[in-house]
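Have a look at the model first.

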Amino acid sequence: MSPRVLTVREAVGVRTRLRVNDTTHDVSVDSRLTLLDALRDVLGLTGTKKGCDQGACGACTVIIDGQRVLSCLTLAAACEGQHVVTIEGLARGDELHPMQAAFLHCDGFQCGYCTPGQILSAVCAVQEVHAGVPSHVTPDVRRTVNAATLTDEEIRERMSGNLCRCAAYPNIVAAVRQVLANEVPS
Amino acid sequence: MNAFTFERSRTTDAASRVAARPGAVFLAGGTTLVDLMKVDVLTPDTVVDVRHLGLSSIDVSNDAIAVGAAVTNSQLAWHPVVRERFPVLSEAILSGATTQIRNMATVAGNILQRTRCSYFRDVHASCNRRQPGSGCDALEGFNRGHAVLGVSDHCIATHPSDMCVAMAVLDADVHTLRPDGTTHVIPFRDFHLPPGDTPHVEVALAHGELITHIVIPHLPAAGRSHYLKVRDRASYEFALASVAVVLDLDGDTIRSARLGLGGVATKPWRATETEQILTGRKATDDAFRDAAEIALAGAVARAHNHFKIELAKRTIARAFATARDANV
């Protein structure tokens, strides 16, 4: 690929209101900009990581309107009116989110690059379990699942969208298990 | 990525009119479109966001379930009525991709997703689907993941969807709106087109035609239904072979059966002839194996995908046996 210089005509700007971690940002961005690049390069929120940049690794996972999604396959311009939560928005001041504390307690990482995505994904996975919804490995999709009887196989399946090249998987499963055991569903 | 104009529409009529422009495409979850735009396989001039057109509801009645085009894969798979009435559909969706992707991907986007053929995704390769008349590198290339049913001399790319295989056996209808304001209903089995001589014509939609919703008619027999997917990894992988079945039993006799195949065909595959030979037979393992032989009778293998024929047969037999033995 040769370097490419964009002319004004080519660079198509879009005005977008991004609401990230309860802060509103009015920005003008290139229509091609992904949410991932907007978070990191426009808003300076570098906690969200770029791994594969093609929807395969989960490092860029963020929470939009309560659902875990991939910011690398989301256009920033398409986020108008939605609320994005990144890893920077999880703690309350100095008080870590229970999932952050569990990853520390269980040593759920080595190099840490995938960790922001793992933690945000795990936060939603726990919410989904408390909502009772099935996964691919749930024996009968008609039944609801519950935290007390959830198998490790279920946790692994529900977290399969987040790769960890250090293979900290057993400790990640332990961290999710710890939060599932301690958290009372709201 | 190619430069494009981003359009936010608030009504279906407006979205369909904007999308009638040459070079315009609809954007929903983005899991196919943004991915393929990044590798220059898709180079639209205009991108029309259709996630805010009021097409995000699931309406349940006694006769059918109407699913808005922008309902996410997760919403559909996790819906309590879908899980109860159509377990095959929930199972199929949950077997595909990951929670993050299912939270983004919409029902209409899943139906319109493009093949994962590596030659389609590589702009330096020959691909009749991406560039009509350029040839097909898969025919003599590495084709382990490619189709054995519905193939032509111009394309052997597999349709990658799990959800669509379940939609096919459930006889869903695709409801659309054209830029001229007319509405249309396309039966699921007619929606995806086999490659034939025109592999670049993948679906029965006109340019700018918007999917508004999918209607799944009530099917009491679908209480005994199942989706079985076989793949290289336990999770987050496309099917080598997958099977959707619905089994209507009268004691141990088959009143009627439905069979769909994924991972082995160029479109979501409905094996109608096979279904007919099962009618009236005892629901034995032998009957299911006989059905599997018929379902794959027309298969055409290439250098690396011959194993899929036997794999598909065994997957069919096991899926039917699992449905038969289910406690419903």
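Q: Into which domains is chain A divided?
A: Domain bounds come from an automatic or database domain assignment. Here, chain A splits into domain 1 (13-89) and domain 2 (98-182), and their centres, taken over C-alpha atoms, are 23 Å apart. Keep in mind that this is a predicted model, where local features need pLDDT of at least 70, side-chain atom pairs count only at pLDDT 80 or more, and totals for chains, interfaces and linings use all residues. Residues are numbered from 1 along each chain as its sequence is written, while chains are lettered from A and ligands numbered from 1 in the order in which they are written.

Q: How many residues does the contact take from each of the two domains?
A: Two residues are in contact if their C-beta atoms, placed from the backbone, lie within 7 Å. Domain 1 of chain A puts in 14 residues and domain 2 of chain A eleven.

Q: Which elements of domain 1 of chain A give two or more residues to that side?
A: Helices (H or I, at least four residues) and strands (E, at least two) are DSSP runs, numbered from the N terminus. In this case they are β3 (61-64) and β4 (67-70) of chain A, with β3(A) giving the most, three residues.

Q: And how many residues are in the contact between chain A and chain B?
A: Chain A brings 31 residues and chain B 29. On the chain A side, β4 and α4 (152-158) of chain A each supply at least two, and β4(A) gives the most, with four residues.
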